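Visitor: Hi, could you walk me through this one? I have some quick questions.
Guide: Happy to, let's open it up.

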Amino acid sequence: MEIRLSEIAQFLGCAIEGDGEAPIRGIAPLHQAQASELSFYTNRKYAAQARLSKAGAIIVGAKDREQFAGRRLLISDNPYRDFARVVDRWFNRSYRPAPGVHPTAILGDNVQIAENCSIGAYCVIEDGVTIKAHTVLFPFCYVGAKTILGEHCLLYPRVTLLERVRIGHRVILHPGVVIGGDGFGFAPDPPQGYFKVPQVGWVEIADDVEVQCNTAIDRGALGPTRIGQGSKIDNLVQVGHNVEIGEHSIIVSQVGISGSSKIGNWVTLAGQVGLVGHIRIGDGAVITAQSGVAKDVPPMAIMTGSPVQPMMENRRALAELNRLRELRKKIRELEQRLTVLEQAESC
């Protein structure tokens, strides 16, 4: 495939610097790109790579254009996003199976499968399931009774949806995702042990959500667990029963969210963040990696640590902690001087 740089610029709505007729035949990272390939630059950590790059053209922000004088450039207000748009438009070669139901798939009663869907080998689809147009199930997926799958969804191998899950449009679920398993609910019943609390709710996932490998989203104990439109959930995340995650939030790997917590819109939970149950995280908040959250977080706050606290407070506390050795040394010196003075007065 060959595309003129001017075609890419028109598609992106970007200004061009250099020859717009230059052919682009591929995409590559800065350090690997060749003369007919497109790359992008956003992180100053890679400035040296960018200057030495052989890329035929680079997507850059307006603030970085001067350091690439003389190169072919596309000037973008969001280079990373626009590079992704180019990849998706011209170079996305992800495999999609042809429409149809594989003969080894097992379908229950009253299953409704719309046009142009693909149901892979050894999928099991239970009674009363609805699958809307252009949705793809790769082999070995399980779809529980009365589940609804929207249009243009993509379920990779071994995705498990238990009963009454509701999935919106354009949702992507990666291998090993389990949606609708029981929440962790056990009532203490001494001396016998614990009585299992029936989990009779469901899960609702809105449009344009992506959930990556081996993540579990539990059904509500009563009512739904909800994932809002456009939110993205990384590998190995645990979402407890009746959790609500708002729109366009980012939940990074190994996060654990306990039951009934409410996550706002545009929230970021970085890797290994842990949340206790029944708390609220306000819109736009950022929780940094390995933080432990045991109380509500206000909107737009940047929080860190365990227990979590505002980032600036945490940095001041760490600075004080790092000075403890010096302070202990000074205290010992003062104690020694005080002892000498006391001995002198007693003579």
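Visitor: How many residues are in the largest nonpolar core, and which have the most contacts inside it?
Guide: Bear in mind that this is a predicted model. Its largest nonpolar core has 50 residues, and Leu137 and Ile179 have the most contacts inside it.

Visitor: What is Leu137 in contact with, leaving aside its neighbours within four places in sequence?
Guide: The list includes Ile119, Cys123, Ile125, Ile131, Val143, Leu149 and Leu155. Ser118 and Gly120 are in contact with Leu137 too.

Visitor: Which residues does the second, separate core include?
Guide: Among them are Ile3, Cys14, Leu38 and Leu74, in a core of 15 residues.

Visitor: Switching to strands: in what order do the 9 strands of the open sheet come?
Guide: The order is E10-E13-E16-E19-E24-E27-E30-E33-E36, with parallel pairing.

Visitor: And which strands stand at the edges?
Guide: Those are E10 (112-113) and E36 (280-281). Each has a single partner strand, so one side of each is left without a neighbour in the sheet.

Visitor: Can we zoom in on one pair? Over how many bridges do E24 and E27 pair?
Guide: Over 4 bridges, in the parallel sense, between residues 202-205 of E24 and residues 224-227 of E27. If you want a spot to look at, Val203 stands opposite Thr225 in E27.

Visitor: New topic, Asp82. Is Asp82 buried or exposed?
Guide: Asp82 is buried, because its relative accessible area is 1%, under the 20% cut-off. You'll find Asp82 in helix H3, residues 79-91. Not counting residues up to four places away in sequence, Asp82 touches Leu12, Cys14, Ile59, Ser76 and Asp77.

Visitor: Which residue does Asp82 form a salt bridge with?
Guide: That would be Arg81, with the closest N and O atoms 3.1 Å apart. The side chain of Arg81 also meets that of Asp77 in a salt bridge, at 3.0 Å from N to O. Arg81 is partly exposed at 38% relative accessible area, while Asp77 is exposed at 70%.

Visitor: How many salt bridges are there in the whole structure?
Guide: A search finds 17. One of the networks to look at links Arg166, Glu204, Arg226, Glu244 and Lys262.

Visitor: What about Asp182 and Lys196, how far apart are N and O in their salt bridge?
Guide: The distance is 3.0 Å. Asp182 lies in the loop between strands E21 and E22 and Lys196 in strand E23, so the pair ties together parts that are 14 residues apart in sequence. Asp182 is partly exposed at 42% relative accessibility, and Lys196 is partly exposed at 40%.

Definitions and conventions. Residues are numbered from 1 along each chain as its sequence is written. This is a predicted model: local features need pLDDT of at least 70, side-chain atom pairs count only at pLDDT 80 or more; totals for chains, interfaces and linings use all residues. Side-chain values use heavy atoms; hydrogens and water are left out. A nonpolar core is a set of buried Ala, Val, Leu, Ile, Met, Phe, Trp, Tyr and Cys residues joined through side-chain atoms within 4.5 Å. Buried means under 20% relative accessible area, exposed over 50%, partly exposed in between (1.4 Å probe, protein chains only). Contact means heavy atoms within 4.5 Å. Two strands pair if DSSP finds at least two bridges between them. Helices (H or I, at least four residues) and strands (E, at least two) are DSSP runs, numbered from the N terminus. A salt bridge is a side-chain nitrogen of Lys or Arg within 4 Å of a carboxyl oxygen of Asp or Glu.
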